[in-house]
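Me: I'd like to learn how to read a protein model. Could you walk me through the one shown here?

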Amino acid sequence: MSSTGIEDWVCVVEQRLREIADDIVAEELRRMRTEAPDFFTSDDPSYVQAYTASCKAHLGVILDGLKGGRDVPTLLPPAAAEEIRTVAEWGIPLDALLQTYRTAHSVIWDTVLDVVSELIPNKELSTVLKVISRYLFSYTDRMIDLLTTIYNRERLALFQDRNKQRRQLIRDILDGLPVDSSRLPYTLTETHVAGIARAQDIDRQIAHMAQTAHVNSLTVAGPSESTWVWFGGNNLATTGGMRALIESVPAGLSISFGEPGQGIEGFRTSHVEARQSHRIARKTNREVIRYAEIALLSLVTIDETLAATFMRRELGFLATDGPRIRELRETLSTYFKCGHNASHTAAKMSLNDRTVAYRLRSIEKNFGYPILDRRGELEVALQLMDLYGASSEAGSNRQ
């Protein structure tokens with residue numbers, strides 16, 4: 001059998017397919033609605049026109065290729081590229097779009113089988129089918145590769161553009177500028193708790209937290225690979241609501257919270273507090289922290305040079321390093337946490353009362369004054385040790 005004979009028969013099939021092209025497209029769309037329902041989430045005329053034009057364009061390119069040597073194109077038909085941009089804009093999942101291509105391939109192949117069986121003699125039938133099959137599969141594979149690349153690029157561009165717009169809108173709110181709050185998918189009139197997460201692209205985790213805590217959420221990309229977050233809901237004004245939110249944080253997610261605040265002013269204030277919590281969390285490597293826990297510490301560390309000087313001055317010899325010094329610092333810190341009760345301190349540290357008493361007397365002897373005379377200052381100074389660590393030289397003792 002000559003190759004010329006096969007080409008002639010392929011042209012016969014192509015001509016017949018072109019005669020029934022409208023019927024093929026109609027069947028594609030019918031089957032797509034059944035096999036890819038997630039693709040058909042809108043009846044907007046521009047959306048319908050986009051995917052219909054794409055189906056027609058692909059079929060036209062396929063038929064031209066059958067007649068002209070079956071070279072697989074290196075670019076999508078313009079109408080198909082426009083469809084992908086429209087699909088990305090509407091937020092249609094990539095899997096749904098891919099399924100429409102698989103369905104279209106199946107419809108065209110089924111039609112080819114019918115046409116070949118009707119028009120081609122048995123002795124040439126198998127060869128003609130193989131030729132057309134190879135071309136159709138190569139074409140579909142190439143188009144799927146191309147559309148996946150374009151779709152992902154379009155979605156990324158849309159995300160970046162929308163995220164940029166949202167970020168600017170939020171910055172305007174934080175700066176106290178008048179804004180159209182209806183442009184945000186979030187209500188500003190409720191109680192808010194702001195957060196800053198040390199990660200990007202965590203929308204799914206934040207949405208799960210919000211669902212678990214029965215609140216709404218808003219995210220936007222922040223600086224230095226962080227994500228700014230707001231949770232909104234009137235239940236956040238209660239102790240139980242705030243506790244539920246903190247307990248909803250998934251393992252491995254580092255997030256710093258502000259305190260609950262009402263309305264737009266609370267939206268702003270909680271964010272300022274979250275930024276302070278975030279600053280402390282980065283220095284202490286704490287994964288989950290709320291502003292109420294570190295409010296005093298954040299205030300005294302606004303000027304870090306003065307804070308470090310204060311720490312060294314108040315702690316004196318306790319600001320240095322060494323096993324014995326660390327024991328004394330831990331004892332003093334625990335003593336304050338236990339309400340100045342030496343017995344509770346001993347139990348907390350698994351020591352006997354006399355050991356605790358001896359350590360406290362040693363500290364007071366070095367300080368030259370009773371510990372409780374400067375309890376507030378010493379507690380803050382001990383917390384500062386978590387931030388700055390021990391110094392190589394002790395500051396002067398306060399006499």
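Me: What should I know before I start?

Reply: This is a predicted model, where local features need pLDDT of at least 70, side-chain atom pairs count only at pLDDT 80 or more, and totals for chains, interfaces and linings use all residues. Residues are numbered from 1 along each chain as its sequence is written, and side-chain values use heavy atoms, with hydrogens and water left out.

Me: How many residues does helix α2 have, and how far does it reach?

Reply: First, the terms: helices (H or I, at least four residues) and strands (E, at least two) are DSSP runs, numbered from the N terminus. The expected span of a helix is 1.5 Å times one less than its number of residues. Helix α2 covers residues 21-35, which makes 15 residues, and it reaches 21 Å from first C-alpha to last, close to the expected 21 Å.

Me: Which residues of α2 are buried?

Reply: Buried means under 20% relative accessible area, exposed means over 50%, and partly exposed is in between (1.4 Å probe, protein chains only). In α2 the buried ones are Ala21, Ile24, Val25, Glu28, Leu29, Arg31 and Met32.

Me: Arg31 is on that list. With which residue does Arg31 form a salt bridge?

Reply: A salt bridge is a side-chain nitrogen of Lys or Arg within 4 Å of a carboxyl oxygen of Asp or Glu. Arg31 forms one with Glu35, the closest N and O atoms being 2.8 Å apart. Here is the general idea: an α-helix has 3.6 residues a turn, so residues three or four places apart point the same way. Arg31 and Glu35 are 4 residues apart in helix α2, so about one helical turn separates them. Arg31 is buried at 16% relative accessible area, whereas Glu35 is partly exposed at 35%.

Me: How many salt bridges does the structure hold?

Reply: It holds 19 salt bridges. One of them joins Arg324 and Glu327 (3.6 Å, N to O). These two are 3 residues apart in helix α12 (residues 323-337), so they too are about one helical turn apart. Both ends are partly exposed: Arg324 has a relative accessible area of 37%, and Glu327 has 34%. There is also a network of salt bridges linking Glu14, Arg18 and Asp64.

Me: Which salt bridge links distant parts of the chain?

Reply: Take Glu304 and Arg279, whose side chains meet at 3.7 Å, N to O. Glu304 is in helix α11 and Arg279 in helix α9, 25 residues apart. Glu304 is partly exposed, with a relative accessible area of 30%.

Me: What about α9, how far does it reach?

Reply: α9 has 22 residues and reaches 31 Å from first C-alpha to last, close to the 32 Å expected. Its buried residues include Phe267, His271 and Ile280.

Me: Is Arg70 buried or exposed?

Reply: Arg70 counts as buried, at 19% relative accessibility. Its phi is also positive, about 65°, although it is not a glycine. Look for Arg70 in the loop between α3 (45-67) and α4 (78-90).

Me: Which residues make the nonpolar surface patch?

Reply: Leu296, Leu299, Val300 and Ile302 make it, with an area of about 380 Å². Patches are made of residues with over 30% relative accessible area and no salt bridge: like charges are joined within 9 Å, nonpolar side chains (Val, Leu, Ile, Met, Phe, Trp, Tyr) within 5 Å. Accessible areas come from the Shrake-Rupley method with a 1.4 Å probe; for residues, only the protein chains shown count as cover. Leu296 lies in helix α10 (residues 291-300) and is partly exposed at 49%.
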